[in-house]
Amino acid sequence: RVELRPGHREILVEVEDPSVPRSRTESAVVVGSGIVGLSVAEALARRGCKVRVVDRLPEPRGEATPRSWAWINANSKRPREYQDLNMLAMRAWDCVHPGFVDWRGALLLAGAGVQEQSAYSFEQIEAAAAAQLEPKLSKEFLEANKHQLFHFPQEGQVDPDGAVAMIAARAAALG
């Protein structure tokens with residue numbers, strides 16, 4: 001259970017033990033076979049629910065997932081409550097799908113919507129540091145943007161197709 005209390009900066013998270021099955025069998029239909037739909041299906045199946053996933057596409061992946069950058073971030077999210085929810089979701093990835101996010105951070109230009117709030121850390125970096133993070137950036141690009149480079153170390157990326165395959169396999173293994 002996640003509770004976002006209006007007017008507060010607190011997020012209450014209560015996690016049930018998914019290894020403890022429910023006492024009665026229920027059934028559910030989940031619409032969508034992308035990362036979100038399959039994650040919901042897996043969570044329900046872990047709790048003893050009989051789940052059917054439906055999608056208009058023949059293979060699991062949904063429609064939004066393959067179009068996603070799969071960039072796991074809370075950068076420039078507004079209002080603040082939406083940013084808080086995204087920060088919670090970032091932490092949830094490692095709880096729900098451990099080891100699947102590549103948490104190497106993100107390099108952004110100032111004009112790309114750099115975060116202004118202090119709750120989400122970032123740092124302005126020099127061109128040499130940016131070149132180490134992204135070796136394929138040209139010297140010309142780095143020189144032209146040397147005062148606009150920002151690193152967000154807590155951000156990550158997921159392979160969308162790999163995530164769908166892994167989550168679908170885990171959900172299928174539960175029956």
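Biologist: Is N86 buried or exposed in this structure?

Modeller: This is a predicted model, and in it N86 has a relative accessibility of 14%. Buried means under 20%, so N86 counts as buried. N86 sits in helix α2, which covers residues 80-96.

Biologist: Which backbone oxygen lies 2.8 Å from a polar atom of the N86 side chain?

Modeller: That oxygen belongs to Y82. Setting aside residues up to four places away in sequence, N86 also touches N73, A74 and K77.

Biologist: Now to cysteines. How many disulfides does the structure hold?

Modeller: First the general idea: a disulfide is a covalent bond between the sulfur atoms of two cysteines. This structure holds zero disulfides. As for individual cysteines, C49 is buried at 15% relative accessibility, while C95 is exposed at 66%.

Biologist: And the nonpolar core? Which residues of the largest one touch the most other members?

Modeller: In soluble globular proteins, nonpolar side chains tend to be buried together. Here the largest nonpolar core has 18 residues, and I35, I72, W93, Y120 and V158 touch the most other members. Two or more residues come from each of α1 (35-46), α2, β8 and α5 (160-173). The top contributor is α5, with four residues.

Biologist: What does I35 contact, leaving aside its neighbours within four places in sequence?

Modeller: I35 is in contact with T65 and W93, and also with P160, A163, V164 and I167.

Biologist: Let me try a leucine. Where is L142, and is L142 buried or exposed?

Modeller: L142 is in helix α4, residues 139-144. With a relative accessible area of 6%, L142 is buried. Beyond its neighbours within four places in sequence, L142 contacts A127, A130, A131, L137 and L149. Take A131 as an example: A131 and L142 are eleven residues apart in sequence, and their C-alpha atoms are 7.6 Å apart in space.

Biologist: Last, strands. Which residues of β6 lie on the covered face, and which on the uncovered one?

Modeller: Strand β6 runs over residues 106-109; A106 and L108 make up the covered face, and L107 and L109 the uncovered one.

Biologist: In which sense do β6 and β8 pair, and over how many bridges?

Modeller: β6 and β8 (residues 149-152) pair in the antiparallel sense, over four bridges.

Conventions. Residues are numbered from 1 along each chain as its sequence is written. This is a predicted model: local features need pLDDT of at least 70, side-chain atom pairs count only at pLDDT 80 or more; totals for chains, interfaces and linings use all residues. Side-chain values use heavy atoms; hydrogens and water are left out. Buried means under 20% relative accessible area, exposed over 50%, partly exposed in between (1.4 Å probe, protein chains only). Two strands pair if DSSP finds at least two bridges between them. Contact means heavy atoms within 4.5 Å. A disulfide is a pair of cysteine sulfur atoms within 2.5 Å. A polar contact is a pair of N or O atoms within 3.5 Å; within protein, one must be able to donate a hydrogen and the other to accept it, and residues adjacent in sequence count only if both atoms are side-chain atoms. A nonpolar core is a set of buried Ala, Val, Leu, Ile, Met, Phe, Trp, Tyr and Cys residues joined through side-chain atoms within 4.5 Å.
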